[in-house]
Amino acid sequence: MIDLFSGLDAWVLVSLLLALTFVLAFEFINGFHDTANAVATVIYTKAMPPHLAVFFSGVFNFLGVLLGGVGVAYAIVHLLPVELLINVNTGHGLAMVFSLLAAAITWNLGTWYFGIPASSSHTLIGSILGVGLANALISDIPLGDGVNWQKAIDIGMSLVLSPMAGFAVAALVLLGLKWWRPLSKMHKTPEQRRKLDDKKHPPFWNRLVLVISAMGVSFVHGSNDGQKGIGLIMLVLIGIVPAQFVLDLNSTTYQIERTRDATLHLSQFYQRNEATLGEFLALGKAQDGAMPA
């Protein structure tokens, strides 16, 4: 990992470290911003003390990041077209990275300060889309080429459908429990339990289900939102030091020279035979179009 920073200009190194610090700051804010969503129920119902709920929520968030794979991280990276990521210079990459991080951090802090339970996922994805569209405007390229719209549509559909699915499932479970056990103690609020039953905690099985569900939410949050932090780090590395990120730093000088020579020979071969290759490709497309379905 240390080799990643070797050979960089001082200002690029400082910018890279600052950008990575911004990513960690976003994840820190995301932690105290979204963890409240996971532990609010167990704290309100007195199923767990606040300090234990936050501690175990952090543990299960970490396990979610550790065991959840990197599929969501790659989805974040793929929101921006590959051509945009590999063609930006360092200065341009810095502007993109700091813009999206500043927007995401500012919105998360603002909604936390005013007690608004906003989604960090929506914030981050909106920031990335905004950077892609702004880059298209200032680079005189079509807006449609500034964002990977197919990936944006896929993610957008999940962001729209997930609250609806959560609403529907939660409503059905609540109505089902009300119908099945209308007089059960599980339906009492903490205040009602204290006044009517003189009990502070919910019944054992209710308490167990509340704790398991809260830790499950924390684990899933880590495997999903935690990966967004990994995706941000990948965007930072690609945007600021693309060459350092894509090269295999363990390659020998001989391997790098062979790769360079092969690239040059392939380019020269294409230039010498451009007309023939063009006719061959056109013929191949014509034959594919004439094939019966």
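Modeller: Trp112 counts as partly exposed because its relative accessibility is 44%, where buried means under 20%, exposed over 50% and partly exposed in between, with a 1.4 Å probe and protein chains only. The model is predicted, so local features need pLDDT of at least 70 and side-chain atom pairs pLDDT 80 or more, while totals for chains, interfaces and linings use all residues. Residues are numbered from 1 along each chain as its sequence is written, and side-chain values use heavy atoms, without hydrogens and water.

Trp112 lies in helix H5; helices are DSSP runs of H or I with at least four residues, numbered from the N terminus.

Turning to another helix, Asn135 is found in H6 (residues 120-138). Asn135 counts as buried because its relative accessibility is 4%. Its C-alpha atom is separated by 9.1 Å from that of His92, 43 residues apart along the chain.

The axes of H6 and helix H7 (residues 149-180) come within 12 Å and cross at roughly 160 degrees; axes are lines fitted to C-alpha atoms over the stretch in contact, with angles from 0 to 180 degrees between N-to-C directions. H6 and H7 are therefore roughly antiparallel to each other, a term for angles over 145 degrees.

Conventions. Helices (H or I, at least four residues) and strands (E, at least two) are DSSP runs, numbered from the N terminus. Angles under 35 degrees count as roughly parallel, over 145 as roughly antiparallel, 65 to 115 as roughly perpendicular and the rest as oblique.
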